[in-house]
Amino acid sequence: MELWRKARDVVRKKIFFFILLGWVLLIIGDRVDELRVYQGAQIAMYSIALASIVLLTGYSGQVSLGNGAMMAVGGYSAALTLNNLQTPIWFAFLMAILVSALFGSLLGAAAARLSGPYLAGTTLALAVGLPAIANQFTFLGGEPGLLFDIGFPPESFGEEFTQYKWFFWIASFIALISLFITSNILQSRFGRTWRAIRGNSLAAELAGVHSSRMKVLAFTISSALAGLAGAVLAMTISLVAPGAFTLALSFALVTGAVLAGISSLPGVVLGGLILVVIPEIADAVANRFGDADKLNNYLPGLIVSVLLILSVIYTPNGPGENLRKHLRKKATH
Amino acid sequence: MSGLIVNRLNVSHGAIHALHDISFSVDPGQLAAVIGSNGAGKTTLLRTLSGLKDASSGSAQWDQREMLGVKPEDLVRRGISHVSEGKSVVPELTVKENLVLGGIWRSNKAETQESIDQVVELFPRLGERMSQSADTLSGGERQMLAIGRALVSRPKLLLLDEPSLGLAPLVIEQIFETINTFRTRMGLTVVLVEQNAMSALEIADIGVIINLGHVVAQGKASELINDPALRAAYLGY
Amino acid sequence: MQKVIETLLIGLTTGSIYALMSLAIVLVWRSTRVINFAQAGQAMFATYIGFEISSRSGVFWLGLLFAVVGGALLGAGVDYFFMRVLFKHANTGPAAVVAPVIATLGLLGLIRSVVGLTWGGEFRTIEAPASTDGYTIGSTTIPFSPLNALVIITVSLILIALAILFQRTNLGLALRASAYAPEIAKLAGIRTARTRTIGWAIAGGVGGVAGMLVSSNNFLSPYSLDLLLVFGFIAAVVGGLESMVGAVVGALVLGIGLTFILNYVGTSLVFIGGFTVLILVLLIKPDGIMAKGKGRRA
């Protein structure tokens with residue numbers, strides 16, 4: 001009974017915050033030009049994807065490069081469902097979640113006994129090989145991929161309401177809900193258990209925690225989130241193809257999460273923002289220096305890698321950690 | 001004043017203050033037995049002296065040169081060797097390779113070979129097993145190998161951490177006898193950390209008794225053995 | 001029967017290149033307890049240097065030499081400037097487990113970007129030092145060419161040289177001791193930090209050779225060595241990360257196995273095959289096929 005009351009309180013507090021946030025986003029969506037709206041949808045998409053990393057790596061301590069692949073699984077599932085079964089859009093998204101959760105649980109089961117570099121290496125293999133796998137099976141559309149067209153916004157929204165705004169609304173809505181749910185999960189005993197496993201798996205076992213089961217659960221939920229993000233990504237580009245889910249994507253996700261604070265959920269929006277801004281910067285630089293092609297291709301990667309290295313070395317637990325340490329020092333003086 | 005002079009040494013493990021103001025001295029050629037119960041700080045003392053651990057304050061001098069803060073690999077070149085606890089051999093290497101390891105920092109290979117020959121004389125069992133992998137040795141043989149390796153580096157100061165740990169009484173006797181033999185033969189100064197207080201004090205010149213990180217008694221080994229209070233507390237009778 | 005022998009020979013060739021990569025990975029793992037994902041990047045960089053030299057001079061072997069030296073210098077540099085800084089800073093909190101992995105991945109991305117910015121992403125070719133036409137025996141031509149033979153010979157020579165280094169020299173002994181028991185090595189007077197850097201340099205040089213061999217008569221691009229890294233890693237895991245012999249055996253087994261899949265099943269399953277092998281080994285015999293049953297510590 002007590003637990004139920006507590007849960008209700010937390011949800012009540014949070015719901016207010018999220019509703020407010022949702023309202024703000026709606027207003028923004030109305031005032032801003034097309035490109036920014038599109039980027040807003042991207043930020044929303046990245047937020048969901050980064051949340052999956054925060055859960056998996058930040059909380060349960062498993063470094064995986066496979067979330068890009070899970071995004072692909074989600075994207076493809078949604079596209080296949082929509083194209084072949086002619087279901088409503090929300091059902092396609094639901095399938096994305098379920099199928100990637102399934103794959104995630106399989107991967108998690110295989111990975112539960114792995115740690116550190118073994119896990120990273122295995123998921124690296126997955127990330128590198130995914131485009132090859134996707135190219136092989138014709139029902140996945142090969143290299144050009146599959147179309148994922150969710151159609152136009154309802155007519156009742158009026159003429160002014162562009163497709164991209166529609167994407168933005170849907171993406172933000174999905175992001176808000178999933179972040180809300182994730183936040184609750186992370187603050188529940190699941191989140192605490194994951195942190196315990198991350199910190200000292202042996203001690204956790206001795207305290208009665210089934211760490212393998214919890215690890216698989218982390219993989220499952222994380223993959224579900226990633227799959228959802230993949231479906232959202234597919235929606236925004238109206239396409240799902242191997243080229244959208246390369247190793248670079250997995251890298252970018254890990255970077256974004258580390259930069260934003262790998263165990264901090266609120267940071268994912270900031271992380272998403274950074275990930276969207278970097279190509280912009282690269283673009284600007286490329287245009288100034290000419291030779292746009294080369295720079296465009298490799299400068300974002302350079303910036304991402306440098307940021308990743310610097311943040312891993314100097315703020316390994318995210319900038320939030322340093323701030324906390326600083327405040328703590330001040331308090332004890 | 002040469003020899004080993006430890007002065008007001010303080011060492012901490014994070015927040016835990018493990019050694020408090022440890023002071024004692026060992027003259028060249030002497031064997032000092034450092035005894036005390038488990039957790040007293042004896043191993044910490046040796047690890048600090050050999051450079052594996054940093055001290056928070058105090059000093060330790062050997063041969064009038066400061067030892068603290070110097071890396072272990074540099075102390076070896078100064079003639080200070082540490083045989084850490086737990087039969088510290090490298091199991092993946094052969095007996096011979098373990099011994100060669102002792103002299104690997106030396107450029108003069110002939111000297112190393114000479115030292116190895118001397119060690120084999122002391123520990124004939126090792127000589128029989130030169131090409132065998134070190135993990136096939138018994139506990140006592142491993143301890144001999146560990147000590148042998150330290151001797152190959154021709155130290156002037158030898159730090160031994162609980163060489164008797166986990167060994168049968170007969171083997172312990174052998175080892176202690178051998179320690180006594182080579183230290184007199186080679187003119188070594190030895191700091192012997194032991195839980196086996198009796199055997200240690202019997203071959204020692206001086207004794208240092210440590211409890212919970214403090215030196216509670218020190219002096220001539222023969223006197224310490226006969227002090228009834230100490231006997232009751234640390235030697236058990 | 002002929003197809004089996006052909007497949008075996010090609011598999012041996014592929015496997016020997018993987019062997020170089022997996023050996024480099026195991027070397028670094030043993031000495032630093034880190035899987036250096038950036039090794040693919042180091043090998044790539046070294047290969048580009050080799051490409052420059054060999055295309056300008058027209059001599060493959062000169063390019064190989066520069067690739068080795070370049071790879072060695074880069075490997076030493078990464079250990080000295082990067083890894084030491086990393087271990088000093090990131091050793092607390094949840095990130096301590098995660099940091100080295102992410103950092104070497106970041107380094108891989110960094111090297112790849114630098115290479116891309118310098119040379120661009122177009123495919124380059126390195127002239128092979130030997131003919132790629134298959135040998136003709138009697139009236140049949142087998143798909144095994146002088147180039148393949150050269151690869152096997154080169155790798156064998158390198159493996160022999162490394163074996164001599166490790167088993168018969170004092171440097172090799174120091175490397176092994178520092179890897180197996182770093183504390184004992186220190187107490188024996190070995191400068192373990194310096195030794196480790198040398199280990200990284202050797203790994204880097206070996207990676208450079210692997211990159212050159214794989215890229216000769218093949219395409220070189222900032223992404224072309226990713227597969228080499230993946231298969232090298234899988235081979236190292238199969239062989240059990242703790243033994244260098246295991247790394248070689250694992251690589252040969254993997255190379256031969258994958259080539260059989262390639263020839264008898266089709267290209268589509270090669271990668272999946274490799275991935276499955278990895279998962280199977282990790283689940284069934286996580287210490288690798290060569291292990292004596294010791295626990296696996298990350």
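Okay, one term before we start: a residue counts as buried if 20 or more other C-beta atoms lie within 10 Å of its own. Also keep in mind that this is a predicted model.

Let's begin with helix H10 of chain A, residues 247–260. By that cut-off, 13 of its 14 residues are buried, so H10(A) is mostly covered. From first C-alpha to last, H10(A) reaches 20 Å, close to the 20 Å expected at 1.5 Å a residue. Just after H10(A) comes Gly261(A), with a positive phi of about 105 degrees.

So who does chain A touch? Well, 48 residues of chain A are in contact with 43 residues of chain C. H10 is one of the helices of chain A that each supply at least two residues to that side. Which one gives the most? That's H12(A), with 15 residues. And if you sort the chain A residues on that side, you get 29 nonpolar, 15 polar and four charged.

Now over to chain B. Here we have an open sheet of six strands, in the order S6-S7-S8-S3-S9-S10, with mixed pairing. Which strands stand at the edges? S6 and S10 of chain B: each has a single partner strand, so one side of each is left without a neighbour in the sheet. On average, neighbouring strands are turned by 15 degrees against each other, ignoring direction.

Zoom in on S6(B): four bridges join it to S7(B), and the two run parallel. For instance, Ser81(B) has Leu158(B) in S7(B) as its bridge partner.

Last stop, helix H1 of chain B, residues 42–49. H1(B) lies across S3, S6, S7, S8 and S9 of chain B, running at about 145 degrees to S7(B).

Methods: Residues numbered from 1 in each chain as written. Chains lettered and ligands numbered in written order. Predicted model: local features only at pLDDT ≥ 70, side-chain atom pairs only at ≥ 80, totals over all residues. Expected span 1.5 Å × (residues − 1). Buried ≥ 20, exposed ≤ 12 C-beta atoms within 10 Å, placed from the backbone. Pairing = 2+ DSSP bridges. Axes fitted to C-alpha atoms, helices over the stretch in contact; angles between N-to-C directions. Contact = placed C-beta atoms within 7 Å. Nonpolar A, V, L, I, M, F, W, Y, C, P; charged D, E, K, R; others polar.
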